[in-house]
Amino acid sequence: FLENVLLLLQTGCQQQAQDKSASTLKLDFVKTSSFLIGTIADYFKLDKDGLGKCVDTLFQCLETCRNNNGQDTANKMELMLTKSLTSLCKVCRNELTFELPNFISILHAMMQPNSPVSYFTREKFFRSMGYIIQSFVESGPEAQGKYIMQMVEVIEDGIRVSEGNREHTLCLLTCLSELGSGLICPGEIENTTYLQHLNQFKDFWKSDPLQVRARTINILQHVLDQYGKDSEFVEVGCLIIGKALPLPDDEPHFLSYDMGEIMKFMLRYVGSCDLSTCLPYLVNLFEKVVVRYKSTLTFQDFDFVFSKFFLDHYQQSIVDDPDLLQVMINFVNLIMELKPSLAINSAHWSSFILPEFLKFLPATEKFTITAITKFWCRVVNNKKFTREDEDVIKSQVLSLGQQLVFQTLYASLHTQRSDLQYYTELLRALVAKYPLQLKPWMLQALPQVHNNNVAHERLVNKLFVTRGSRAASN
């Protein structure tokens with residue numbers, strides 16, 4: 001069976017096509033055989049000889065598919081072959097560790113600037129190498145670290161010789177990110193040797209004697225100092241430096257940067273990048289920092305970041321850009337979800353966030369409406385509030401309540417029918433949390449937004465009969 005699958009693969013990649021129909025058939029051969037190889041990858045854990053034949057054939061086909069096919073067909077074949085190879089390396093990482101020296105040699109050839117191999121294939125091969133190196137634990141963390149250092153050096157050398165070549169440099173930076181992804185431990189670790197020596201790996205990557213993290217930071221700074229205004233480079237840079245943030249605290253990884261190092265990276269580029277395209281990536285990175293370090297973050301940290309990311313650029317770049325407004329509101333929403341006291345105790349809470357976020361309620365963009373109504377719902381009713389938070393918020397809602405209700409009713413009257421549900425959710429929250437105050441607020445606000453007193457009284461009475469239940473939305 002396997003020999004037939006590999007023959008089908010080789011026929012599709014290496015035979016010359018005489019006409020268009022033959023070319024289409026060859027492409028189907030490659031598609032079917034490469035898909036089959038990826039599908040039965042688990043089988044190769046029990047058949048190392050078959051695994052070796054598959055890997056060798058895939059590499060041969062990658063090398064020769066461009067010789068016997070047109071560019072478009074070859075590109076499609078290469079994509080299929082790469083996906084199949086990546087699947088094999090992911091599933092059979094333990095069984096492929098013996099191939100590492102050969103893979104390193106192939107990598108050096110593949111990463112030459114004049115190599116015909118696509119950037120996608122280069123990037124995914126780095127991920128494949130990461131899978132295998134992650135399982136290379138028999139010889140201890142030092143041996144694993146040396147392989148990782150070799151990979152980083154390939155990237156360093158490539159960047160050095162590709163000065164001024166934007167696409168090649170971006171590919172190399174993406175390779176570094178893919179390597180980091182490949183080196184993340186799978187959900188269920190099957191390698192008992194790794195589990196037995198886990199503390200050794202933790203100590204090794206905590207001390208980082210090979211200075212891999214420092215060299216990686218140097219690579220990032222060198223590249224971003226040239227391309228720091230380019231959103232694609234900023235995106236990949238944020239992916240690299242935040243790679244280990246979602247991992248458990250005790251999981252070793254060569255890209256495990258602490259909060260201070262990550263903050264220093266973000267602040268280095270937030271003032272010089274093109275905010276309209278780059279700010280979302282920087283904020284997303286800090287959101288990962290918040291999720292990871294929420295227990296140690298203080299409201300002073302929130303103040304500092306909110307100033308640097310948003311207030312310093314608000315009038316010039318953010319206020320008239322709906323996309324950036326959404327980024328800012330969603331950032332505050334995350335804080336309100338995880339640790340609201342950070343925002344509530346901020347110096348910017350009363351002076352900027354509450355008054356400005358009131359103005360955003362009558363927005364016209366659906367994504368802004370979704371974000372801003374979610375914010376006010378979390379202000380009105382939030383299970384994460386401490387007793388002190390509750391007292392502060394209650395006082396502020398009582399003070400701002402009339403404005404909040406006016407803005408909500410005005411926005412609900414002028415919004416599209418499909419967006420009305422977001423405002424009714426907010427009214428439901430107000431009915432449930434502030435029933436005594438809401439009725440006079442509504443009776444005062446309704447005549448200002450619409451002149452129909454009979455309808456006003458009917459609306460208020462029906463809303464309060466529901467007492468904030470889901471029936472209120474109807």
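How many of the 474 residues of the protein count as buried? The share is 53%, where buried means under 20% relative accessible area, exposed means over 50% and partly exposed lies in between (1.4 Å probe, protein chains only). Bear in mind that this is a predicted model, so local features need pLDDT of at least 70 and side-chain atom pairs count only at pLDDT 80 or more, while totals for chains, interfaces and linings use all residues. Residues are numbered from 1 along each chain as its sequence is written, and side-chain values use heavy atoms, with hydrogens and water left out.

**The overall picture**

The secondary structure comes to 24 helices and 0 strands; helices (H or I, at least four residues) and strands (E, at least two) are DSSP runs, numbered from the N terminus. Along its principal axes, the C-alpha trace spans about 80 × 55 × 45 Å. If you count contacts (heavy atoms within 4.5 Å) with a separation of 6 or more, residues 24 or more positions apart account for 75% of them.

**Two helix pairs**

Axes here are lines fitted to C-alpha atoms, for helices over the stretch in contact, and angles run from 0 to 180 degrees between N-to-C directions. Angles under 35 degrees count as roughly parallel, over 145 as roughly antiparallel, 65 to 115 as roughly perpendicular and the rest as oblique.

Take helix 1 (residues 2-14) and helix 3 (residues 48-64): their axes come within 9 Å and cross at roughly 5°, so the two are roughly parallel. Helix 1 brings L2, E3, L6, L9, Q10, C13 and Q14 to the contact, and helix 3 brings residues including C54, L58 and C61. By class, that contact divides into 7 nonpolar, 6 polar and 2 charged residues. For the classes, Ala, Val, Leu, Ile, Met, Phe, Trp, Tyr, Cys and Pro count as nonpolar, Asp, Glu, Lys and Arg as charged, and the others, Gly among them, as polar.

Helix 4 (residues 71-91) packs on helix 6 (residues 119-135) at about 10°, with axes 8 Å apart, which makes this pair roughly parallel too. Among the residues in contact are E78, L79 and K90 of helix 4 and F120, K124 and R127 of helix 6.

The expected span below is 1.5 Å times one less than the number of residues.

| Helix | Residues | Length | Span, first to last C-alpha | Expected span |
|---|---|---|---|---|
| Helix 22 | 420-433 | 14 residues | 20 Å | 20 Å |
| Helix 23 | 435-449 | 15 residues | 21 Å | 21 Å |

The buried residues of helix 22 include Y422, R428 and V431. In helix 23, the buried set is L438, W441, M442, A445, L446 and V449.

V449 also turns up next to Y410, which touches P362 and V449 once residues up to four places away in sequence are set aside. Y410 sits in helix 21 (residues 387-414) and is partly exposed, at 33% relative accessibility. Its C-alpha atom is 60 Å from that of E153, 257 residues apart along the chain.

**Cysteines**

A search of the whole structure finds 0 disulfides, a disulfide being a pair of cysteine sulfur atoms within 2.5 Å. For C54, the nearest cysteine sulfur is that of C92, 9.0 Å away. C54 is buried, with a relative accessible area of 0%. C273 is buried at 9% relative accessible area.
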